[in-house]
Amino acid sequence: MKEKTITITVDGTNPGQWSNLILELNLIKKAWSSYATIELQGVGVRKIITHGTKNFDSKVMEDE
């Protein structure tokens, strides 16, 4: 099957909205993993996903 490409251009958003959009797209990527390979590209995308999917509960449990 031929590769398909989608380009999303966002203008006039604040950093919090941008981070939420990237994290939502990452959830879609995970949900679609059995159907297709989805690749997210962009400036800071990897950093946003890494920070936004970090499990903070494990650190809280260690401190108690």
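The protein exposes about 6100 Å², of which carbon and sulfur atoms supply 55%; accessible areas come from the Shrake-Rupley method with a 1.4 Å probe, and for residues only the protein chains shown count as cover. This is a predicted model, in which local features need pLDDT of at least 70 and side-chain atom pairs count only at pLDDT 80 or more, while totals for chains, interfaces and linings use all residues. Residues are numbered from 1 along each chain as its sequence is written, and side-chain values use heavy atoms, with hydrogens and water left out.

Reader: Why does asparagine 26 count as buried?

Author: Buried means under 20% relative accessible area, exposed over 50%, and partly exposed in between (1.4 Å probe, protein chains only); asparagine 26 has 6% relative accessibility and therefore counts as buried. This residue is found in helix 1 and, leaving aside residues up to four places away in sequence, touches Leu40, Ile49 and Thr53, where contact means heavy atoms within 4.5 Å.

Reader: Why are the buried residues of helix 2 said to line one face?

Author: The buried residues of helix 2 (residues 45-52) are Val45, Ile48 and Ile49. Seen down the axis of helix 2, they fall within an arc of 95°, so they line one face of the helix; the arc is that of the directions from the helix axis to the C-beta atoms. An α-helix has 3.6 residues a turn, so residues three or four places apart point the same way. On the other side of helix 2, Arg46 and Lys47 are exposed, and what covers the buried residues includes helix 1.

Reader: Why is the pair of tryptophan 32 and tyrosine 35 called edge-to-face?

Author: Rings of Phe, Tyr and Trp (its six-membered ring) pair if their centres lie within 6.5 Å, and planes under 30 degrees apart count as stacked, over 60 as edge-to-face and the rest as tilted. By this rule the count comes to one aromatic pair. The ring centres of tryptophan 32 and tyrosine 35 are 6.0 Å apart and their planes stand at 75°, so the pair is edge-to-face. Tryptophan 32, at 45% relative accessibility, counts as partly exposed, whereas tyrosine 35, at 68%, counts as exposed.

Conventions:
Helices (H or I, at least four residues) and strands (E, at least two) are DSSP runs, numbered from the N terminus.
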